[in-house]
Amino acid sequence: MEELVMLRQLILELYGSPPYYPQPPPPPPPPSHHHHHHHRCCFFNLDDNSAEDGCYSFTIRPEKPGTFKMLEPSKPPHAKKSRKERNLGRLADATSSTEIMEHQIWKEFPEDLYEAVIARLPIATFFRFRSVCKKWNSLPTSHSFSQQCARVPQAQPWFYTITHENANTGAMYDPSSKKWHHPTNPALPTKLIVLPVASIGGLVCFLDIGHRSFFVSNPLTQSFKELPARSVKVWSRVAVGMTLNEDSTSGGYKILWVGCEGEYEVYDSIKNSWARLGNMPSTIKLPLSLNFKSQAVSIDGTLYFMRTDPDGIVSYNMVTGLWNQFVIPSPLHLSDHALAECGGQIILVGLLTKNAATCVCIWELQKMTLLWKEVDRMPNIWCLEFYGKHVRMTCLGNKGLLMLSLRSRQMNRLVSYDVSRKEWLKVPGCTLPRGRKRQWIACGTAFHPCLTALA
């Protein structure tokens with residue numbers, strides 16, 4: 001019975017909307033001896049009826065706090081009655097209709113539709129309801145629930161970040177609700193500082209600050225794995241990228257690391273081992289001079305890394321095992337630049353500084369000419385804040401929605417940019433749950449929230 005009650009509330013989460021009144025709402029009724037608290041919520045009108053026909057009510061009963069009953073729409077009275085009589089009549093009619101709905105509809109609600117409804121909930125809402133019962137709590141490991149989630153369009157990416165003040169714990173930002181979350185992952189090592197370096201399919205790859213150990217985790221469900229030791233010992237910095245073998249993590253994933261001297265290895269999650277599949281061709285100039293501020297971009301199984309000297313991109317195809325190099329001149333006066341992608345299009349974001357003026361610019365790579373074409377800039381009124389300041393920028397995401405950390409001695413700003421909509425938004429500062437001080441974002445990555453992704 002508790003599952004049915006919570007399912008009704010889930011449907012309200014999906015289809016609920018603010019109350020709609022075709023006329024100004026009447027004043028509240030005078031106090032009565034009945035202790036029922038009556039609330040209204042309005043569903044979308046799907047039958048081309050009036051909005052009032054789509055309005056349902058639920059009643060919270062004091063003897064069972066937190067539970068409610070979904071009721072049928074109230075019908076207007078035929079004869080004019082006092083407001084008190086009308087309210088009492090609605091409550092009486094609602095009680096009888098509740099029993100009919102519960103017996104005829106909710107009792108026979110198909111089991112598979114539970115998962116279909118829950119799969120379409122916002123991520124934050126799901127975590128509020130997973131404590132209802134053991135069955136709902138175990139949904140992320142259910143194969144049928146994973147299939148339901150695969151039918152749902154991919155949500156906006158979230159951001160997993162590390163702050164200077166709390167290097168051992170992460171902070172996640174949900175752009176749809178504009179809220180920060182502070183998860184605790186007991187599986188991650190506490191004596192090591194691990195940094196998010198790549199992501200794919202709801203999983204985030206971490207590398208310890210000593211560049212020795214790799215970890216993979218789902219930040220939402222805390223699914224966790226420490227990868228086996230690499231066969232090639234490299235103590236210098238490495239660039240990392242991830243790809244999926246199929247459309248989801250159920251088919252496995254691969255991780256590539258590459259060093260500046262051309263050494264590289266590929267991890268296969270199905271085999272749970274690292275392998276060196278060949279040598280970097282002589283046509284690629286070494287050392288690579290990789291831009292470690294820019295994370296790898298994954299498009300159709302190919303990873304793209306930014307390099308300098310010469311300026312351009314190095315790519316690796318995870319399927320064929322082939323390396324390629326593209327010499328692409330960088331825009332003038334560019335700094336703190338990073339790669340991104342949107343719909344298969346490679347994007348460049350960076351700071352453009354000339355004299356004392358600084359601006360954030362967006363470029364697209366032209367496939368025919370292999371040149372960068374500027375397509376957008378941050379609004380001028382925002383850029384005025386940077387004038388005369390030594391601004392540094394870190395790009396925390398590269399999957400269609402970017403989060404930019406802009407900072408100087410006098411400034412600490414977070415901004416998001418939607419590549420497809422060309423929309424700039426200010427991001428609220430990251431603060432601890434019981435703190436007021438804004439945290440300084442050190443690094444981070446974007447990931448698509450997925451409840452069923454397993455490390």
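Let me start with the aromatics: a search of the whole structure, which is a predicted model, finds ten aromatic pairs. Take Phe215 and Phe224. Their ring centres are 5.8 Å apart and their planes meet at 25°, so this pair counts as stacked. Phe215 is buried, at a relative accessible area of 3%, while Phe224 is partly exposed, at 26%.

Next, Tyr267 and Trp274. Here the centres are 5.4 Å apart and the planes are at 55°, so the pair is tilted. Both Tyr267 and Trp274 are buried. These two also belong to one aromatic cluster, together with Phe214 and Tyr253.

Glu265 sits in strand β13, residues 264-268. Which side chain of opposite charge is nearest to Glu265? That is Arg230, 5.2 Å away. Glu265 is buried and has no salt bridge; the cut-off for one is 4 Å. The charged end of Arg230 in turn sits over the ring of Trp257, 4.9 Å from the ring centre.

Last, the nonpolar cores. The largest has 38 residues, and those with the most contacts inside it include Leu339, Trp372, Met378, Leu406 and Trp424. Setting aside neighbours within four places in sequence, Met378 touches Cys359, Val360, Cys383, Phe386, Leu406, Val415 and Trp424. Apart from that core lies another, of 26 residues, with Ala119, Leu121, Ile123 and Cys133 among them.

Note on methods
Residues are numbered from 1 along each chain as its sequence is written. This is a predicted model: local features need pLDDT of at least 70, side-chain atom pairs count only at pLDDT 80 or more; totals for chains, interfaces and linings use all residues. Side-chain values use heavy atoms; hydrogens and water are left out. A nonpolar core is a set of buried Ala, Val, Leu, Ile, Met, Phe, Trp, Tyr and Cys residues joined through side-chain atoms within 4.5 Å. Buried means under 20% relative accessible area, exposed over 50%, partly exposed in between (1.4 Å probe, protein chains only). Contact means heavy atoms within 4.5 Å. Helices (H or I, at least four residues) and strands (E, at least two) are DSSP runs, numbered from the N terminus. Lys and Arg count as positive and Asp and Glu as negative; His and the chain ends are not counted. Rings of Phe, Tyr and Trp (its six-membered ring) pair if their centres lie within 6.5 Å; planes under 30 degrees apart count as stacked, over 60 as edge-to-face and the rest as tilted. A charge sits over a ring if NZ of Lys or CZ of Arg is within 6 Å of the ring centre and within 35 degrees of the ring normal.
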